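Trainee: Could you take me through one part of this model up close, and then show me how that part sits in the rest of the chain? I would enjoy a slow, connected tour.

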Amino acid sequence: MLKPVWLQNPWKQNPWFESVAIAQQRARRRLPAPLYAALVAGSERGSTMDDNQAAFAEIGFAPHVAGQQPQRSMTRTVLGHEVSLPVLISPTGVQGVHPDGEVAVAAAATSRGTIMGLSNFASKSVEEVCAVSELTFFQMYWTGERDVMVARMQRAHAAGAKGLIATLDWSFSMGRDWGSPEIPERVDLRAMVRLAPHVVTKPRWLWCYARTGALPDLTAPNLAPSGGGPAPTFFGAYYEWMSTPPPSWEDVAWMRATWAEISGGLPFVLKGICRVDDALRAVDAGVAGISVSNHGGNNLDGTPATIRVLRPIADRVGSQVEVLLDGGIRRGSDVVKALALGARAVMIGRAYLWGLAANGEQGVGNVLDILRGGIDSALLGMGLSSIDELTPELFVIPEGFHQTLGAPEPAPAPGKHGA
Ligand SMILES: Cc1cc2nc3c(=O)[nH]c(=O)nc-3n(C[C@H](O)[C@H](O)[C@H](O)COP(=O)(O)O)c2cc1C
């Protein structure tokens, strides 16, 4: 029931936001500083993180003034599923910033007709998330013994996951020139006292958690032991990951084949590719898709923006596997640029995290709506009736923009040199 006008708060902020940048501003105002910093993430100088966004701005449009198309379509089949826009949720692991976390993100993805990527380090279980999103893709790192990984794949499949995303671009290079947030092992009394100065100045965030009666959960429920027992803390899970020897290409092929056996052939996506030769090796390993990604600038700093390395990769393997891109997507115009350069769809990370922090499930939906609106505007201005008509020639692309990383034919895989 609508409140009488004298009971309405005239200063209440309209929760809707018009751009991802405004969502980020709101997230910054709303979240305790260490949580905001955890979402910013990035590594070392932050140059890859910055370049991911800056590179999109280097590509220009050449819009028409009349003769545009009255109907425009952006539906597409991605990894076997029709999505209503070519934007998927990339898995991210810091969603305890909101009490509903991944469940809120999955609900927004469902209501907007797209795929939900669920992180290995998620704060909600794969069962809870699959219950609200039929299109959940479970993400795994190369962490733990093989039998542990098999058990995790079996659990994800039993929960209803429709695909597996293996993220392999991580080098444990975490130092940041702007400093890293202090994240407690668990939110106990001691941690609360330490965090209190950050939290007391953020009453809306505090209220959001207080209403649920729960404290932020810093455990990783999807990494709990299969025979029962408590979920590891974030740091416990990180330690297991650090102490697991890095995978070989044979391991990647094993993981792909094992998931195929468990799931009856559901798609397997390798996330983190930025070299042409690695893309070719991924094809050899039998993957259904790759994501051209540098982990949002969280892996080796100095790696070029993903949009710069996309075209050479898509030209080489795009006819064999589905090529996705993630990194730096903040607006619909970024999406159409990525599609024109060969991506079948894009994945977003921080954009929806800002939406989640700003306004929960509605905030994530708001972000997807902003991207949808931006894609539609770009198609309108360019005189196109479908995302299928996007080609590089329609854009203003500076000379030297595209960067080919790695040899165009696979060289011996790292670790095999001189063997
Ligand atoms: C805070 C944060 C946590 C992330 N956690 C994961 C993760 O658990 N698994 C994963 O595959 N990628 C993770 N990523 C990378 C994202 O999936 C994605 O590649 C990246 O955010 C894309 O860049 P963007 O944030 O500029 O959109 C994370 C990124 C951020 C910013």
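Mentor: Happy to. The buried residues of α2 are Pro-34, Tyr-36, Ala-38, Leu-39 and Val-40. Please keep in mind that this is a predicted model.

Now step off the end of the helix. Just after α2 comes Ala-41, with a positive phi of about 50 degrees. In general, most residues other than glycine have a negative phi. Ala-41 is placed in the loop that runs between α2 (33–40) and α3 (47–57). Is Ala-41 buried or exposed? With a relative accessible area of 10%, Ala-41 is buried, since the cut-off for buried is under 20%.

His-295 is not a glycine either, yet its phi is positive, at about 65 degrees. His-295 also belongs to a loop, here between β8 (289–292) and α12 (306–317). Its relative accessibility is 13%, so His-295 counts as buried.

Helix α4 lets us repeat the exercise. Of the 11 residues of α4 (residues 101–111), 8 are buried, and the helix is mostly covered. Those buried residues are Gly-101, Glu-102, Ala-104, Val-105, Ala-106, Ala-107, Ala-108 and Ala-109. What do the buried residues of α4 pack against? Their partners are the strands β3 (87–89) and β4 (116–118) together with the helices α5 (126–132) and α14.

Glu-393 has a relative accessible area of 60% and is exposed. Glu-393 and Leu-341 are separated by 52 residues in sequence, while their C-alpha atoms are 9.5 Å apart in space.

Let us look for empty space next. In general, rolling a probe the size of a water molecule over the atoms shows where such space is left. In this model the count is 1 cavity of 30 Å³ or more. The largest cavity has a volume of about 40 Å³. Its lining is made up of Leu-79, Leu-88, Ile-89, Ile-115, Phe-137, Ile-165, Val-269, Leu-324 and Met-347. By class, that lining has 9 nonpolar residues, with no polar and no charged ones.

Finally, zoom out to the whole chain. There are 14 helices and 10 strands. The radius of gyration is 21 Å, close to the 22 Å that the globule rule gives for 419 residues, so the chain is as compact as a globular protein of that length. The C-alpha trace spans about 65 × 60 × 40 Å along its principal axes. Of the 419 residues, 52% count as buried. Taking contacts between residues at least 6 apart in sequence, 74% join residues at least 24 apart. The chain exposes about 18700 Å², and carbon and sulfur atoms supply 55% of that area.

Note on methods:
Residues are numbered from 1 along each chain as its sequence is written. This is a predicted model: local features need pLDDT of at least 70, side-chain atom pairs count only at pLDDT 80 or more; totals for chains, interfaces and linings use all residues. Side-chain values use heavy atoms; hydrogens and water are left out. On a 1 Å grid over the protein atoms alone, a cavity is a set of points where a 1.4 Å probe fits but cannot get out, and a pocket is an open set with protein on both sides within 12 Å along at least five of seven lines; lining residues have an atom within 4 Å of a point. Grid points are joined across faces, edges and corners, and a volume is the space filled by probe spheres set on the points. Ala, Val, Leu, Ile, Met, Phe, Trp, Tyr, Cys and Pro count as nonpolar, Asp, Glu, Lys and Arg as charged, and the others, Gly among them, as polar. Helices (H or I, at least four residues) and strands (E, at least two) are DSSP runs, numbered from the N terminus. The radius of gyration is taken over C-alpha atoms; the globule rule is 2.2 Å times the number of residues to the power 0.38. Buried means under 20% relative accessible area, exposed over 50%, partly exposed in between (1.4 Å probe, protein chains only). Contact means heavy atoms within 4.5 Å. Accessible areas come from the Shrake-Rupley method with a 1.4 Å probe; for residues, only the protein chains shown count as cover.
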